[in-house]
Amino acid sequence: MRGVACRCQMRWTLAASCGTTRAVPYLLRPVESAMPAARNSALIEARDVSLARGGRVVLDHVDFRVDRGEIVTVVGPNGSGKSTLMQTLIGALTPDQGAVIRAPGLKIGYVPQSLHIDATMPMPVGRFLALPQRHSRAEQAEALAMVGLDDVARQPMTSLSGGQFQRVLLARALLMRPDILVLDEATRGLDQPGTAAFYRIVEDLRVRLGCGVLMVSHDLHVVMSASDRVVCLNGHICCHGTPEIVASAPEYRALFGVGTQGTLALYRHEHDHAHDEAGACGPDHDHTHDHTHDADGGHSGGKGIKHNSGAARDA
Ligand SMILES: Nc1ncnc2c1ncn2[C@@H]1O[C@H](COP(=O)(O)OP(=O)(O)OP(=O)(O)O)[C@@H](O)[C@H]1O
């Protein structure tokens, strides 16, 4: 009798063979954790966080949270504090004001934008995955399979394509059995199909592992359709909302496939002004930002920090 895998927000899989229970895959085994199991409980929360770097306020009264089972994407112009926010949330930086609250026992799987590996250093994928913590070959193979990579364990890291390399970084994060995956521009340098494929994997992992996902990305078209919530940061949180599917061009379908339905998505703004479907501001807007919106609904422009309104700060 074939085993039945139960896919749900809880981390377990039951597989039965001839009436006996066999070991469940490592990454899907129940985790000893003090973590709340329910969806909608905050994994990480920033409360009124402010932080200055190099004498300049980079994060200004930021309220932010990521719940179990949701994908939250932070977008914003260069220098708007996205990486600083990530580092503050994972505990690498301490806020000057406010607090970051992490659920007790929270395990974070961090995927950086890139990692330099010396080309002269022979570093097979398997050895890389054993850093900083050793895992069995079976566990490594399971993690690699989850990110769509087979038979690469003996391959040197330096021989991987950009997309393969980032997937290996993702596999390494999975071996932590994370409650939350934090991806800081993890698809930088990948082409659009590679980026779309990467985010499809992330969406799949969210379902299979029931983890939360926090991403920083500039890939608006792809990320918007993969996210439950999008937060636009420009020092302060200037807008946030749920992505809305507004169009489904054939070329996007061809690129993004079934996972995202090939759709172009926009996100709802909760400013004190309106946007049309192209992302342009409506006539009633009262624009107090120092940045503009492009046709994707993205932001660009100045890096100075101004508050729009208190309501706009709530993420
Ligand atoms: N170690 C540091 N010391 C001083 N200033 C810093 C440091 N790191 C970042 N900054 C400054 O903080 C601001 C925010 O940087 P951050 O890297 O968080 O922005 P970002 O939104 O992630 O940018 P990008 O999209 O370009 O990656 C920038 O003005 C940057 O120069």
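I called two residues in contact if their C-beta atoms, placed from the backbone, lie within 7 Å.

A note on the source. This is a predicted model, in which local features need pLDDT of at least 70 and side-chain atom pairs count only at pLDDT 80 or more, while totals for chains, interfaces and linings use all residues. Residues are numbered from 1 along each chain as its sequence is written.

Val182 is among the residues with the most contacts inside the largest nonpolar core, along with Val111, Ala171, Ile180, Leu181 and Val231. That core has 65 residues. I took a nonpolar core as a set of buried Ala, Val, Leu, Ile, Met, Phe, Trp, Tyr and Cys residues joined through C-beta atoms within 7 Å. Buried means that 20 or more other C-beta atoms lie within 10 Å of a residue's own, exposed 12 or fewer, and partly exposed in between, with C-beta atoms placed from the backbone.

I traced six strands in an open sheet of mixed pairing, ordered S7-S8-S9-S5-S10-S11. S7 and strand S11 (236-241) are the edge strands, each pairing on one side only. The twist averages 15° from one strand to the next. Strands (E, at least two residues) and helices (H or I, at least four) are DSSP runs, numbered from the N terminus, and two strands pair if DSSP finds at least two bridges between them.

Entry four: strand S7. Are the faces of S7 (residues 108-111) covered or open? Both are covered: Ile108 and Tyr110 are buried on one side, Gly109 and Val111 on the other. S7 pairs with strand S8 (residues 180-184) in the parallel sense over four bridges, and Val111 stands opposite Leu183 in S8.

Entry five: helix H3. In H3 (residues 137-146) I listed Gln140, Ala141, Ala143, Leu144 and Met146 as buried. Their cover includes helix H2 (125-129), helix H4 (162-174) and helix H5 (192-209). After H3 comes Gly148, with a positive phi near 80°.

Key. Axes fitted to C-alpha atoms, helices over the stretch in contact; angles between N-to-C directions.
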